Amino acid sequence: MKFRSEEISSVIQREIEQFAPEVTRSEVGTVLEVGDGIARVHGLSGVMAGEMVAFKNGAKGIALNLEEGSVGVIVLGEFTQIEEGDEVTATGQLLRVPVGDALIGRVVDPLGNPLDDGGPIITSLSRAIESPAPGIADRQPVDEPLQTGVKAIDSMIPIGRGQRELIIGDRKTGKTAIAIDTILNQKGTGVICVYVAIAQKESTTAGLVDVLRRHGAMDYTIVVASGASAPAPLQYIAPYAGCAMAEYFMYEQGKPTLCIYDDLSKQAVAYRQVSLLLRRPPGREAYPGDIFYAHSRLLERSAKLANRYVIVPESTPAEAATEDKAVDGKVYVGVPGAEEAAHALKAGYSTGHKVAKTPTSGGSLTALPIIETLEGEVSAYIPTNVISITDGQIYLQPDLFFAGVRPAIDVGISVSRVGGKAQIGAMRKVSGGLRLDLAAFRELEAFAQLGTDLDKATQAQLDRGYRMVELLKQPQYRPLSAIEQAMSIYAGTTGALDDIPVRDVQRFEREFLEFMHADRAAVVDALTREQKLTDQIVADLKAAIKDFKATFRPTGAAQAAPAAAAATA
């Protein structure tokens, strides 16, 4: 074959002209020692705190301790394959996890790797597990209910979208049950749920996933699982990873989200283990000094983001009202912004324009952290930390739980700092004095146990209290809608149950709600539409309760009727 020298020289000339020297700089270090999920690395002099590093075997790590002669790295995953002398490379990035719609319905580990049999997760989107919380100007007041479906909570300790409500109590008192019921109750509401299982048994997590799947809740839920056998660093970052996955839907899609951290006590233990291995000085209960910051920077990311408004042509569809479509080039933020936009519309545009909310604004992230106490000790270090960070707590009492009052909520020290703003009007009206009445009933009950003779009014108050306690009991995995709750609590607070035997209260409620849906659907529809108790709805409810009580037969009476008929025959 004959070669032409001019062709070869032209190719070489072109390659020389196109050559661009590339210089890549990377921080490289060496493993000094490794063990228990911790690696001490020499040579990463320019690494940042919290920066992700890569080991020779493909494992990832986070630079947590920046010391004078070495860097303390927590290894995320398998550390037994890492050996002394292995090369470690700084990536120049913070740890990121995959996010997006592809994760919905999946069970993943804190790094976003699938743990179920659904195949690989295909998404090009990712988000840093640590991100700053939105500032005050980017938020707006919490005023939209997040219904849990649990009567005792929605009536007395209401939770709003964007709130942080702590669920606290001893082990085996029903904390996770409340969280799961809340997820089940979000069906059809558009809320994206993220359940973070920290140091739970894999069998327990698998059981919860099965419950969610059977109830159709996995259609809008992501489960982040870091089991009891997972390394402490993975248990530590699990809540931050779950929060990042929820934040994507809040910031990028403007959706309401719910994040459940089950539980932060075990995350604190994992962080303590990591910190002690890194030789950080121990403080109270041997926790590191920044354990408060570890929880506060996680929970402060929960927010109700402010709505953002723009003035657009009247014909613009709601989903197309983006910030770049604003006719005046301005974006109006929050409640003051809505008023300013309305004034600007009135002053500068006669007709053909409107004020529209941008589709990606107004999202929310509601956090339900769970804390486990020991022997009801809420004044321990971690419980008091998280109580001070959150916007209220739901305290579950073992004595109530074992007495059959489930959910075992102690209304005396449980509180929501949002209150009635997170309730629909009907619920706010029927449950106004319920909390105080129950607290007074508990005191009267303790007084009555002394064997003291009671006057008629006190006895009547006790009798109603017993029936209200029975009414607020609720089976697991059976959340009720806000309208059903309002109707049943209305029946209790107006005295309709006073002549019903205590043992029949739950059957009365169940059959009453069935009666309302079947025979009084117009009343249910009106209450659903109005969301408040108008005079007409109250009159219709009273008539419905009266008609139902005429057909309801208490258990003793129902058994006595056939016997009486047989005796007559």
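## Residue N65

At 10% relative accessibility, N65 counts as buried, because the cut-off for that class is under 20%. The structure described here is a predicted model. N65 sits in strand β4, which covers residues 60-66.

When neighbours within four places in sequence are set aside, N65 is in contact with S70, V71, G72, L278 and R280.

## The second largest pocket

Strand β4, where N65 is placed, also takes part in a pocket lining: β4 gives the most to the lining of the second largest pocket, with 3 residues. Helices α5 (232-252) and α7 (291-299) each supply at least two residues to that lining as well.

The second largest pocket holds about 420 Å³ of space. Its lining has 21 residues, and A49, G50, E130, Y236 and R297 lie nearest the centre. By class, this lining has 13 nonpolar, 2 polar and 6 charged residues.

## The largest pocket

The largest pocket holds about 810 Å³ of space. Two or more lining residues come from each of α3 (175-184), α4 (202-214) and β18 (364-373). The largest share, 6 residues, belongs to α3.

In total, 31 residues line the largest pocket, with K172, G174, K175, T176 and A177 nearest its centre. The lining of the largest pocket divides into 12 nonpolar, 9 polar and 10 charged residues.

Key
Residues are numbered from 1 along each chain as its sequence is written. This is a predicted model: local features need pLDDT of at least 70, side-chain atom pairs count only at pLDDT 80 or more; totals for chains, interfaces and linings use all residues. Side-chain values use heavy atoms; hydrogens and water are left out. Helices (H or I, at least four residues) and strands (E, at least two) are DSSP runs, numbered from the N terminus. Buried means under 20% relative accessible area, exposed over 50%, partly exposed in between (1.4 Å probe, protein chains only). Contact means heavy atoms within 4.5 Å. On a 1 Å grid over the protein atoms alone, a cavity is a set of points where a 1.4 Å probe fits but cannot get out, and a pocket is an open set with protein on both sides within 12 Å along at least five of seven lines; lining residues have an atom within 4 Å of a point. Grid points are joined across faces, edges and corners, and a volume is the space filled by probe spheres set on the points. Ala, Val, Leu, Ile, Met, Phe, Trp, Tyr, Cys and Pro count as nonpolar, Asp, Glu, Lys and Arg as charged, and the others, Gly among them, as polar.
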